[in-house]
Amino acid sequence: MTLSSYSDVFAISHDREHHEDIHAGDIVATGQNLYPQYEVVAVNGEKAWVRNVHSGVDGLALLSRCRKVAPEAFRHAAE
Amino acid sequence: MFATGIENSIPRIQHGRIRVDQMESCGHYRRWREDFDLVQDLGLSYLRYGPPLHTTLIGPERYDWEFADVTFAELRRRNIIPIVDLCHFGVPDWIGDFQNPDFPEQFARYARAFAERFRWVQLYTPVNEMFICAQFSAKYGWWNEQGTTERTFVTALKHIVRANVRAMQEILEVRPDAIFVQSESSEYFHAENPAAIKPAEVMNSSRFLSLDLNYGHRVDSEMYEYLLDNGMTQDEYHFFLGNSLRHHCILGNDYYWTNEHRVAADGLTRASGEIFGYCEITRQYYARYRLPVMHTETNIAEGPSGDEAVNWLWKEWANVLRLRNDGVPTVGFTWYSLTDQIDWDVGLREQNNRVHPVGLYDLNRQIRPVGRSYKQLVSDWGAVLPTQSICLTVPIVPPSEFGEQAAQRHADDARQLRDVELATTTDQMS
């Protein structure tokens, strides 16, 4: 087994562990926390091309880690 | 010492029109009990924490202790050991900014008043990141006085470091066994090409200025000329040489991936990212000051992968271990801060209310992966002797033991040593 990250050492699973269909245009977070948030630019296989909604910086995220951000979460964010 | 901190920066921006208050924007004033719960839940005993200076020091020798009284009583009840951060990038409106020559004495009196009110507090960072405070306020034009000249920078620097030294002196009068944990940014400047070597060398000398003055270490000769050319007098310089309290200090240093810089031939700098890393740069600081070391701040923003901060935590911890294994007495580590911050992505220069996701917890107080990792790291490594010797432990009196006989003996011994120190120091308070 190859350890790709210290998440493995600490046994942290980032996967959402429930099914969600993620599409381009969705606003997602890549963990259980509210921020950072990303707009999905495109989806290809197991990966999503995401853009940080604040900074505009692009990145690749594992689709299995993306969670759609619920609209009510926005209201509580950074209160 | 494993620690975290409650981010409490309070610079003013936009020419004084806006007061940044991170404890307000991160919700600490409302959720402080919950924040202390989280500190304990992580298994931490040490917390970098301080009352908001701008609302506590309300006039010359006038104080409003309302918030400090309740929060510090709660810290004491929980036996959390605070490393008290008295000034974090800002001053009260009535003081104005760091160009004000009255700031050091007003601040020293405040430090004494705090120490008298909270005698059980032993660990202090009187002024946080003195060099950064002077640089961002008086050279980059970002905060407070928003100065942009060498003279405004030197003026801010000498006032800030003098305030720190005077505060240490006053606190020692009250609590002779006080320990001061500096929290200074550790920097390195890399020359991009041979023509950039000279400006990089100058910058690599200037990075030591705040600690040189604070520890009474003679500055490099070029820096001496620079200080005197830009408004520091010989008497002011000699104050620092004659009032060193370095033997009461822990060389706390902060390291972020932005702390290393590339220098071009014209002296312009840009971020280089991590090249040497914490271990090598701290070794340089240790070689200069020979004091026990503590990693007092680090973090990195969580990104699309989700484990960026987890990996950075592990990298920083590995650096601390390397340093310790090389024989540098390394006494602590800090992930800063407990929660996410606001607007630090632009160095607090703008008020965008943008979350900077660097905390162990997010602003809803939901733990982040790095928080879970830190908790595990503290649990795994908490019992390992940091300096590899039981003879090199930091003599800390926990709040629960303050006033006990052994603690009193310890304080009496410290007072005797301090009396000897004062009697043998040639230049006091000049």
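**Entry 1: helix H13 of chain B.** I started at the residue just after H13(B), B:Gly327, and read a positive phi of about 100° there; I keep in mind throughout that this is a predicted model. I then went back over the helix, which covers residues 308–325 of chain B, has 18 residues and reaches 26 Å from its first C-alpha to its last, close to the 26 Å expected at 1.5 Å a residue. I looked up which of its residues are buried, and the list includes B:Trp312, B:Trp314 and B:Trp317, together with B:Glu316 and B:Arg324. I also asked what covers these buried residues, and found that the cover includes H1 of chain A as well as S1, H12, S15, S16 and H14 of chain B.

**Entry 2: the contact between the chains.** I next took the interface, to which chain A gives 23 residues and chain B gives 27 residues. The two chains bury about 2200 Å² between them, 52% of it on carbon and sulfur atoms. How many salt bridges cross the interface of chain A and chain B? I found 1, and it pairs B:Asp307 with A:Arg65, the closest N and O atoms being 3.6 Å apart. I placed B:Asp307 in the loop between S15 and H13 of chain B, and A:Arg65 in the loop between S4 and S5 of chain A; both residues are buried. On the side of chain A that touches chain B, the elements that give two or more residues are helix H1 (6–9) and strand S4 (58–62), and S4(A) gives the largest share, 3 residues. I sorted the residues of that side into 12 nonpolar, 9 polar and 2 charged.

**Entry 3: salt bridges elsewhere.** Over all chains, I found 36 salt bridges in the whole structure. One that I followed up joins B:Arg418 and B:Glu421 at 2.1 Å from N to O, both residues lying in helix H15 of chain B, 3 residues apart, about one turn of the helix. B:Arg418 is buried at a relative accessible area of 6%, and B:Glu421 also counts as buried, at 13%. I then traced a network in which salt bridges that share partners join B:Arg33, B:Asp37, B:Glu74, B:Arg77 and B:Arg78.

**Entry 4: backbone exceptions.** Most residues other than glycine have a negative phi, and most peptide bonds are trans, so I listed the departures from this pattern that I had looked up. The peptide bond from A:Tyr35 to A:Pro36 is cis, with omega near 0°, and A:Pro36 is found in the loop between S1 and S2 of chain A. Another cis bond joins B:Tyr336 and B:Ser337, with omega about 20°, and B:Ser337 lies in the loop between S16 and S17 of chain B. Although not a glycine, B:Glu61 has a positive phi of about 55°, and I located this residue in the loop between S5 and S6 of chain B. B:Asp343 has a positive phi of about 65° in the loop between S17 and S18 of chain B, and counts as buried at 4% relative accessibility.

Notes:
Residues numbered from 1 in each chain as written. Chains lettered and ligands numbered in written order. Predicted model: local features only at pLDDT ≥ 70, side-chain atom pairs only at ≥ 80, totals over all residues. Heavy atoms only, no water. Contact = heavy atoms within 4.5 Å. Buried area = accessible area lost by both parts, 1.4 Å probe. Salt bridge = Lys/Arg side-chain N within 4 Å of Asp/Glu carboxyl O. Helix = DSSP H or I, 4+ residues; strand = E, 2+ residues; numbered from the N terminus. Nonpolar A, V, L, I, M, F, W, Y, C, P; charged D, E, K, R; others polar. Expected span 1.5 Å × (residues − 1). Buried < 20%, exposed > 50% of the residue type's maximum accessible area, 1.4 Å probe, protein only.
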